[in-house]
Amino acid sequence: MSGLLAMPALGWARDAPPGRPLDLPAGTLDAALKQLALQEGLQVLYPPALVRGRRAPALQGRMDVEQALRYLLEGSGLRAVRSGPGTYVLRAAPAAPARPAAAPEPAPPARQRPVDMARLEVIGSRIPRVDIDAVTTSPMTLIGREEIEASGYQTLFELLRFQPGMTGHHPVAVAADGGPNFQQPFNIAATTSLNALGPRATLFLVDGRRVANYGLTSSELGGLTDLDVIPLSLVERVEILRGGASAIYGADAMAGVVNIILRKQQDGGELIARHGQSGEGDAQEQRVSLSHGFATPRGGNGLVAVDWFDRDALAGDSRDWHSYDHSRHGLPDWRIPLGYRDADLRLVRLQCGNAPPEIASTCLFDPARYVSLQPESQRTSLYGALTEPVWEGTTFTLDLRYSEARQALRNPPFRARVTLPPGHPDSLPGGSLDYAYFELGPVRNRNRNHSFDGTASMSGWVGAWTWDVALSHHTNVVESRIDGLVSTEGVEQSVVVDRYRFDGTPNPPSLLDRVSPTFALDGRAQVDQLSLGVEGPVFALPGGEARLATGLEATRNRLVHEPDARLLQDDLALGTPKRALDSTRDGGAVYAEMVLPLRKGLEAELAVRYDRQQGYDSRFSPRLGLKWSPWRSLTLRATAATGYRAPSLFELRRPNVFEGQTFVRKVPVVGDCAVEFAIDRDLAYCLVDVGAFENPDLEPETSRSHTLGFVWAPSADFSLSFDQFRIRRDNEILAGNAFDDVDAFPDSLRRDALGRLVAIDSYFANTGRTDVRGWEAEMRSQLDAGDAGRFALLVSAHHTASIERQSWASAPRLDSAGYDAPNTQLLASLQWLRGDWATTLGLRARGPFHVTGTDLACPDYNGDRCETPGRGVLDFDIAYGGFPNLRLGLNVRDLADRDPVNYDTRQDGYNVAFDDPRGRFFLLSARYRF
């Protein structure tokens with residue numbers, strides 16, 4: 001596995017007593033260090049590239065840990081530096097002459113000033129692990145730097161969206177907030193989520209700390225972590241913990257945690273240049289990254305980096321399959337006929353004035369052809385990290401990161417049904433006009449997003465205990481501007497007073513400007529956090545030392561929304577009202593976690609967290625983890641946890657609802673109506689307003705999760721893991737109204753002072769429940785084929801067996817696993833290393849999924865096309881490092897270049913969460929180190 005190294009072990013590292021007998025066979029240096037760490041309980045940290053190709057002699061004799069390390073590293077050009085209790089870091093050193101592999105004699109340890117590095121914390125525990133690859137009680141995926149480079153992905157979002165068990169929330173989908181009918185694409189953000197529970201159940205951390213969400217709220221998804229503000233070139237590794245972890249990390253960790261570890265040190269400078277484009281010659285992108293690592297006079301280290309990324313837009317009409325016309329699959333053509341309709345909404349005459357020539361002859365409007373498949377994007381990021389010893393055993397760390405992104409995407413021209421007044425030259429008496437405002441152009445969003453993240457911390461150790469104090473500040477600011485939308489006031493005045501023409505007669509530019517002004521919405525999300533923690537041994541158990549990590553956290557969240565005057569006045573046609581917001585919420589937590597080596601091969605993890613959020617009751621969240629190794633090669637593991645998530649500031653929103661009026665049949669639950677129309681003695685209807693409001697009385701969501709599995713690693717070159725999981729989330733926040741269930745939404749019925757019904761409102765309430773079950777598996781294998789090179793195979797799979805959802809108490813429980821999205825995903829890669837060449841063949845595959853309509857039934861118009869077939873995509877990467885300090889690479893994604901297939905006619909020919917619309921894509925890269 002790529003990443004930092006050492007051993008699967010139970011308990012914390014301790015130095016071996018002098019004279020301990022050791023017996024290590026000759027072989028690769030990598031294998032020898034792993035074996036030494038396994039026998040001695042060490043934490044030995046190094047990137048795999050540092051030891052690749054190096055050999056170690058056989059080691060037989062009695063010696064302590066430092067003597068053994070010096071012996072194994074002699075002649076390798078490397079040295080081991082102690083950085084904490086039982087922890088060593090490999091670093092390059094001037095090569096020393098090799099000596100014969102004889103039994104070593106004790107020697108005095110080299111006098112070196114230890115540099116206290118940040119503790120190695122793999123997610124799932126606040127107690128530093130002996131090994132980044134150690135078996136954890138919860139399933140975990142590690143994506144190291146080498147895997148990131150071989151993947152060919154340019155963004156963190158792309159890397160994560162194709163991981164098994166992940167769902168991608170593409171910027172195009174996020175911008176479609178609420179669906180195409182609402183036509184308000186203010187948000188351009190990219191994120192992912194685990195186990196079909198949505199973004200609010202997946203917690204994203206950067207270097208183990210929370211970051212600010214995207215500055216604007218998605219009415220459908222709530223708060224989002226925008227992954228595109230974190231350049232992939234700055235990422236050292238990604239850790240994905242699968243399963244509930246609220247007892248350790250707090251809210252949002254119900255489905256899992258994604259920890260993004262940024263690079264902290266580097267020897268010298270590195271320049272990376274990349275250029276990519278699709279096989280069609282479009283969707284071009286360029287990236288230039290420059291970083292430089294340095295040592296400080298006091299023995300610390302630092303890194304400064306700058307990253308620039310530019311990506312062209314991919315237009316909606318650049319791919320033939322992207323269309324409302326699904327007749328190529330024997331499915332309906334859902335292009336929209338524009339024209340006049342009578343009082344019964346029957347089309348009586350085609351009319352599409354101002355339409356482009358390709359539409360004018362048929363008046364068939366195909367919105368998909370105008371929706372960007374990929375936003376235009378330009379991003380610049382600056383990053384700096386400093387680790388500086390202050391005094392013996394104490395280190396100061398500073399991390400600063402600034403990112404600015406400018407993105408733009410397009411959506412279809414604004415479309416509406418227009419009722420023209422009598423006497424208007426384009427009116428139809430008694431009818432209406434379905435009209436697309438082609439003359440205003442497509443709806444265009446320009447989005448500027450800049451974020452700042454800063455963390456200052458002091459850490460160190462006192463005896464066998466480590467401590468850490470950190471203060472962090474995170475801000476994400478979004479400025480969103482949209483052209484092409486329509487002002488309600490402007491269009492009403494233009495039709496009634498200015499006689500706006502719909503038959504193709506040109507309207508003056510001044511009139512177009514009044515009808516379609518620029519709409520502006522700004523937002524800012526901010527998180528400030530203070531954390532204090534200590535960790536160390538507390539008492540001895542038969543299996544080793546019990547260790548305790550405890551600490552406290554204090555947070556302040558702030559969310560600011562600043563709509564322009566038109567949005568505040570609800571002047572956006574067919575949009576939902578926006579309100580100004582400046583809210584702050586304070587919170588705090590105390591946590592404790594213990595690792596208990598009950599006996600050799602048996603370890604328990606206990607964790608509990610006490611959370612309190614301003615405005616909500618406090619809550620305890622416990623977690624229990626167990627792992628048992630009946631044999632050295634086999635580890636059984638299990639977890640049970642509860643979760644708690646108080647509604648964030650992003651939940652204080654109203655559902656997407658078109659405000660207007662409708663008729664409701666008068667039934668007992670409706671009662672008396674302010675406006676009633678009696679049809680006969682037994683049948684009457686009420687005319688009521690339809691609206692929405694924000695619910696300030698939302699309660700926390702809760703969850704229970706369990707995992708059970710095993711890890712089998714019979715050798716250092718092979719491992720297999722399999723885990724079953726179940727996550728149940730209760731008290732889910734869902735939108736609804738009295739039409740859905742009057743008992744679940746009792747405040748939906750709005751009455752006047754006389755008790756008569758005047759309106760039915762929608763709002764968010766704690767009514768839902770979701771129960772997800774499934775399994776995931778991973779196999780890793782390596783083979784040293786001598787002169788033929790070295791081979792590495794990775795296969796990981798995720799299967800969702802059931803997703804049982806119930807929206808409210810009276811609603812049916814429906815199992816949606818395999819409906820609208822695949823329930824099986826697989827990711828595999830085969831790497832071949834030989835000499836200066838590295839070649840990787842990758843496979844991304846997903847299973848089939850059912851097309852759904854009402855209550856998960858297949859729509860009648862789909863006929864026998866009720867299951868979208870599965871899909872496999874092959875990727876290829878080749879790199880050459882034979883030039884001094886230079887590495888050249890070529891990555892080809894989607895070798896077969898097959899068009900996506902999707903029988904769900906609501907999704908425009910592809911599944912935006914799982915399919916890459918670019919098709920075959922070529923990426924050239926060059927890395928130069930100096």
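Is glutamate 701 buried or exposed? Glutamate 701 is buried, with a relative accessible area of 0%; buried means under 20% relative accessible area, exposed over 50%, and partly exposed in between (1.4 Å probe, protein chains only). The model is predicted, so local features need pLDDT of at least 70 and side-chain atom pairs count only at pLDDT 80 or more, while totals for chains, interfaces and linings use all residues. Residues are numbered from 1 along each chain as its sequence is written, and side-chain values use heavy atoms, with hydrogens and water left out.

**Salt bridges overall**
- The structure holds 65 salt bridges, each defined as a side-chain nitrogen of Lys or Arg within 4 Å of a carboxyl oxygen of Asp or Glu.

**Glutamate 701 and arginine 645**
- These two side chains form a salt bridge at 3.6 Å, N to O.
- Glutamate 701 belongs to strand β37 (residues 701–715) and arginine 645 to strand β33 (residues 634–645), so the pair ties together parts 56 residues apart in sequence; strands (E, at least two residues) and helices (H or I, at least four) are DSSP runs, numbered from the N terminus.
- Arginine 645 is buried, at 3% relative accessibility.

**Aspartate 282 and arginine 319**
- A salt bridge of 2.9 Å, N to O, joins these side chains.
- Aspartate 282 lies in the loop between β15 and β16 (285–295), and arginine 319 in the loop between β17 (301–311) and β18 (336–337).
- Aspartate 282 is partly exposed at 21% relative accessibility, whereas arginine 319 is buried at 7%.
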